[in-house]
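Have a look at the picture first, then read on.

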Amino acid sequence: MRKLRASHIGMGFVYLILITAAVISLIPLYWVFTTSIQQPEEVQIMPPRFIPSVISKYLPLRLSGDQESATALVDGALESYRLLFKSTRITRWFTNSLIISLTATAGILLLDSMAAFSFAKKQFPGRDLLFWIMIGTMTIPGQVLLVPLFMVVRELGVVNTPWAILLPQLSMVFGVFLLRQFMMTIPSELIEAARIDGAGEFGIYWRVMLPLSKPGLATLGILTFTSSWNSFLWPLIAVQKSEWFTLPVGLKTLQDQNLVNYGLLMSGAAIAAVPMIIIFLSFQKYFIRGLTLGGVKG
Amino acid sequence: MFKRIWKARSGYLFILPKYILFTIFVLIPIIWSVFVSFQEYRVFGTEWVGLLNFQDVFHDDLFWTAVGNTLRYAVIVMPSSVISALILASLINPLKRGAQTFFRASFYLPTVASSVVISMVWRWIFQTRFGLANYFLSLFGAEPINWLHSSAWAMRSVIIMAVLTPPGMGIILYLAAMASIPESLYEAATIDGANRFVQWWKITLPLLKPTTLYLMIVSTIGSFQVFDQVMLMTQGGPGYATTTIVHRIYNVAFRDFQFGYAGAMSMFLFVAIITLALIQSKVLSGDVEYKG
């Protein structure tokens, strides 16, 4: 790593730019959370309140012994969430998103690791052709195929079911590419050794390849979960029944119906954002590896 | 031959489940997409209409409005995202590990938080009377702007949002590329008396070229597919002021159910994207080669 000897002034200037940029970067998310816990009457005011009163006033009220006002403040802060859970199907949408994203992740990990194992370590006629057909389709942007994909899904009769969202996600080929790259680096001698020890093909896959591919699997798993959780356009097309909406699609209809209740909308947005923020902060290095593996080096 | 295939059967079995799904949901749609655009879909069956859909695309003012809006977006957002990623990564790179992690996370968080969430909150920020954007303007004594509901400002608002959302992926890729540049190059340059800016200009920048090219292509492709932001912030309006190509395709296909026509527009989009990507890689890919 290269260390720059910068003057203190220069360094201060660098930090000034970075911190300003970080503030601009984070303000929208900050605004989601603060708006969601503002008192209903303090959401739409000028000037806007940067610190919700439940945070700025709760402690002083408690300390001055005004228990009643303090409780009322907390009550008001939760009002948007209460309305969200009472008047919308947010719990249902959250569950849908969770089940679909988890299934997509588990399915992708299984299917892609099997295919990647075969492409990376096995010899069979047509292997390279089959692989390059798969990888070649990665250059076609998904948005271009919306219409024919919808027609396929309609032919299969799964429109308006979770399958319509799940199956196309399970068919994405990025993971095969990523895991194959990863498995190529695993020495073939290990496979030979296992074969001599009497392991079958499935045993080799399950007991040798999978454990050795853990970092690759973790990266792919996290990327798949995130992209599935956040996907919007295809679920919007594939499902028109509110009982099968995913969270992003549900939020869209919520917005169409409550154009001006920003407290309510932001509490919904917060619920969609929180799982992603937690996952990102806990697994940062896998995100970074996923981006760099899938990117330039490929 | 058959004997060889039979001997290697486990190889096929392992790829079979994935390949079945891939064939149904990727290959068939790709092949189908060619046919769709030559057909017209009616309630009772379809009709082969040859190039009619493509002719219609070329005479459709709305489609060209969408192309214009998309171009306006791409022309600003693509360079701005690549340049800001380069600048931010260059500033982060010399910092200590802890500070690096902090800033990288700050810049990547909006990307993981989903475009739906980010678009929803920007719609609120751009609200005319109580939104943050107009409050910010008022601090400088500027008149409030009718951001999302005036045809003059709506597209600009979508672009401003995209420019102010940091290019998380670009920053991470640049940082990874910078970390793999051999230290010895900088040491040699220091001995030769090159200052830091000269080093950045003569060493870092040229060696980042593959990353820059990759980001330009990915960002162009992304800009040409912009949809979520428009759908959630303006619904393509007011009028058609913010209708983009994908938004147009979405409406024609899934609101008007003109699949053939939407298919033809998709083809146009695909050709445009591929052409741009090829031009960019032709123009930019030089002879930069180094082992990272």
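The points below take chain A, then its domains, then chain B.

1. Before anything else, keep in mind that this is a predicted model. Everything below should be read with that in view.

2. Start with the make-up of chain A. Its secondary structure has 16 helices and zero strands.

3. Now the overall spread of chain A. The radius of gyration comes to 25 Å, while the globule rule for 298 residues gives 19 Å; the chain's value is well over that, so chain A is more spread out than a compact globule. As for its extent, a box of roughly 75 × 65 × 40 Å along the principal axes holds the C-alpha atoms.

4. What about burial and contacts in chain A? Of its 298 residues, 44% are buried. Take the contacts with a separation of 6 or more: 74% of them are between residues 24 or more positions apart.

5. How is chain A divided? There is a domain 1, covering 8-83, and a domain 2, covering 89-294. Between the C-alpha centres of these two domains of chain A the distance is 35 Å. The two domains do touch: 12 residues of domain 1 of chain A and eight residues of domain 2 of chain A take part in the contact.

6. Which helices of chain A each supply at least two residues to the domain 1 side of that contact? They are α1 (8-36) and α4 (79-87). Of the contributors, α1(A) gives the most, with five residues. In terms of residue type, this side of domain 1 of chain A, where it touches domain 2 of chain A, has seven nonpolar and five polar residues, and no charged ones.

7. On to chain B. Here the count is 15 helices and two strands. The globule rule gives 19 Å for its 292 residues, but the radius of gyration is 24 Å, well over that figure, so chain B is also a case of a chain more spread out than a compact globule. Along the principal axes, its C-alpha atoms fill a box of roughly 75 × 75 × 35 Å.

8. Last, burial and contacts in chain B. Buried residues account for 44% of the 292 in this chain. Looking at contacts between residues at least 6 apart in sequence, 70% link residues at least 24 apart.

Key: Residues are numbered from 1 along each chain as its sequence is written. Chains are lettered from A and ligands numbered from 1 in the order in which they are written. This is a predicted model: local features need pLDDT of at least 70, side-chain atom pairs count only at pLDDT 80 or more; totals for chains, interfaces and linings use all residues. Domain bounds come from an automatic or database domain assignment. Two residues are in contact if their C-beta atoms, placed from the backbone, lie within 7 Å. Helices (H or I, at least four residues) and strands (E, at least two) are DSSP runs, numbered from the N terminus. Ala, Val, Leu, Ile, Met, Phe, Trp, Tyr, Cys and Pro count as nonpolar, Asp, Glu, Lys and Arg as charged, and the others, Gly among them, as polar. The radius of gyration is taken over C-alpha atoms; the globule rule is 2.2 Å times the number of residues to the power 0.38. A residue is buried if 20 or more other C-beta atoms lie within 10 Å of its own, exposed if 12 or fewer, and partly exposed in between; C-beta atoms are placed from the backbone.
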